[in-house]
Structures are given as C-alpha cells and as structure tokens.
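I opened this notebook to record what I looked up in one model. The entries follow the order in which I consulted it.

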Amino acid sequence: MMTTIGSNIYIAIAFAVAILAAAVTFPGASAQAADTQVQIDQFTFAPQRITVKAGTTVTWINDDDIPHTVASSSKLFKSKTLDTKDKFSFTFTTPGAYEYFCSLHPHMTGAVVVEAATGSSAAQ
C-alpha cells in the first residue's frame, strides 16, 4: 500500500512539474513568435498591420487571382511577382516599423512593426 501511495505521489509531482514547465515555456514560445503569415486577397494585405518580435519570419501568400508583389517602402526587401499561391518570406531582425506595398498596385499597403525580442518574460 505504501508503494501505491508513493507511486501516486511521484506521478502527481511529475505532473505538477510538467504543468509548471509548460506554463513557464508557453509565454516565451509565443513571445518568441512562430512565423507569421499575411494573406494577399482581393487587393488587400490581411492583416494590414502586424506586430512581431525581432527574429520573426513573415510570409506573404498570394491568395488572389491577380499577380502581386511585396515591396518595402525603404527598399529593405522586395518579392518577385507572386502568382496565385506563391509565397514570399522575410525575416525581421531589427526593431522598427516597416511599411510595404504592392508595386503593381500601389494602393495596396501594409506595415510590420518589429519589437525587441528581449524583455518579454523571465531572463534566460
């Protein structure tokens, strides 16, 4: 009977440790940010403005039947012409605000705001 109680206590402790580890890790994982996608559809970028952490890769996917491009206003990045279902990715490493547009349809605009990757949760 002591063995069963001891075994149950061990399982309970292991379970508690796993939950605490997940609780501590989860905010860091989301703060570190998985890659982010922007859809291009009906002559719009959606979402039009996103905020990400430095080190995040943003991928634009053309879901429109019309070709589009993704071009940084500051000439930091520029895609080739994207046909339907084509993708373009760029990794943002420096904090700041990055405006972009479609060079084929300049009324299509968007922005990526990049925040510093540090300072979000517990120090490593």
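**Entry 1. Basis.** I note that this is a predicted model, in which local features need pLDDT of at least 70 and side-chain atom pairs count only at pLDDT 80 or more, while totals for chains, interfaces and linings use all residues. Residues are numbered from 1 along each chain as its sequence is written, and side-chain values use heavy atoms, with hydrogens and water left out.

**Entry 2. The chain.** I found one helix and eight strands; helices (H or I, at least four residues) and strands (E, at least two) are DSSP runs numbered from the N terminus. Read from the N terminus, the elements run α-β-β-β-β-β-β-β-β. I looked up burial next, where buried means under 20% relative accessible area, exposed over 50% and partly exposed in between (1.4 Å probe, protein chains only). Of the 124 residues, 31% count as buried. The accessible surface is about 7,900 Å², and 62% of this surface belongs to carbon and sulfur atoms; the areas come from the Shrake-Rupley method with a 1.4 Å probe, and for residues only the protein chains shown count as cover. For contacts (heavy atoms within 4.5 Å), I recorded that residues 24 or more positions apart account for 50% of those with a separation of 6 or more.

**Entry 3. The sheet with E1.** I then asked in what order the strands E2, E1, E4 and E6 form an open sheet. The order is E2-E1-E4-E6, with mixed pairing; two strands pair if DSSP finds at least two bridges between them. Strand E2 (44-46) and E6 stand at the edges with a single partner strand each, so one side of each has no neighbour in the sheet. Neighbouring strands here are turned by 20 degrees against each other on average, direction ignored; the axes are lines fitted to C-alpha atoms, for helices over the stretch in contact, and angles run from 0 to 180 degrees between N-to-C directions. E1 and E2 run antiparallel and are joined by three bridges. I checked Gln39 and found that its bridge partner in E2 is Ala46.

**Entry 4. The sheet with E8.** Another open sheet of four strands has the order E3-E8-E7-E5, and its pairing is also mixed. Its edges are E3 and E5; each has a single partner strand, so one side of each is left without a neighbour in the sheet. I compared the two pairings of E8. With E3, E8 pairs in the parallel sense over five bridges, whereas E7 and E8 run antiparallel and are joined by six bridges. Val113 of E8 is the bridge partner of Ala97 and also stands opposite Thr51. Glu99 stands opposite Ala111 in E8. E8 is mostly covered, as five of its seven residues are buried.

**Entry 5. The core.** Which residues touch the most other members of the largest nonpolar core? I listed Phe45, Trp60, Val70, Phe92 and Val112, in a core of 20 residues. Such a core is a set of buried Ala, Val, Leu, Ile, Met, Phe, Trp, Tyr and Cys residues joined through side-chain atoms within 4.5 Å. Strand E1 (36-41), strand E3 (49-53), E4, strand E6 (87-92), strand E7 (96-101) and strand E8 (109-115) each supply at least two of its residues. E6 gives the most, with three residues. Beyond four places in sequence, Val70 touches residues including Phe45, Trp60, Phe77, Phe88 and Tyr100.

**Entry 6. His68.** I located His68 in the loop between strand E4 (56-62) and strand E5 (71-72). With 0% relative accessibility, His68 counts as buried. I looked for polar contacts, meaning pairs of N or O atoms within 3.5 Å; within protein, one must be able to donate a hydrogen and the other to accept it, and residues adjacent in sequence count only if both atoms are side-chain atoms. The side chain of His68 makes one of 3.0 Å with that of Asp64 and one of 3.0 Å with that of His105. Among its contacts beyond four places in sequence are Phe43, Lys80, Cys102 and Met108.

**Entry 7. Thr59.** Thr59 is placed in strand E4. Is Thr59 buried or exposed? Thr59 is buried, because its relative accessible area is 12%. A polar contact of 2.6 Å joins its side chain to that of Ser89. Thr59 and Thr36 are 23 residues apart in sequence, yet 6.2 Å apart in space, C-alpha to C-alpha. Thr36 is also among the residues that Thr59 touches, as are Val38 and Lys87.
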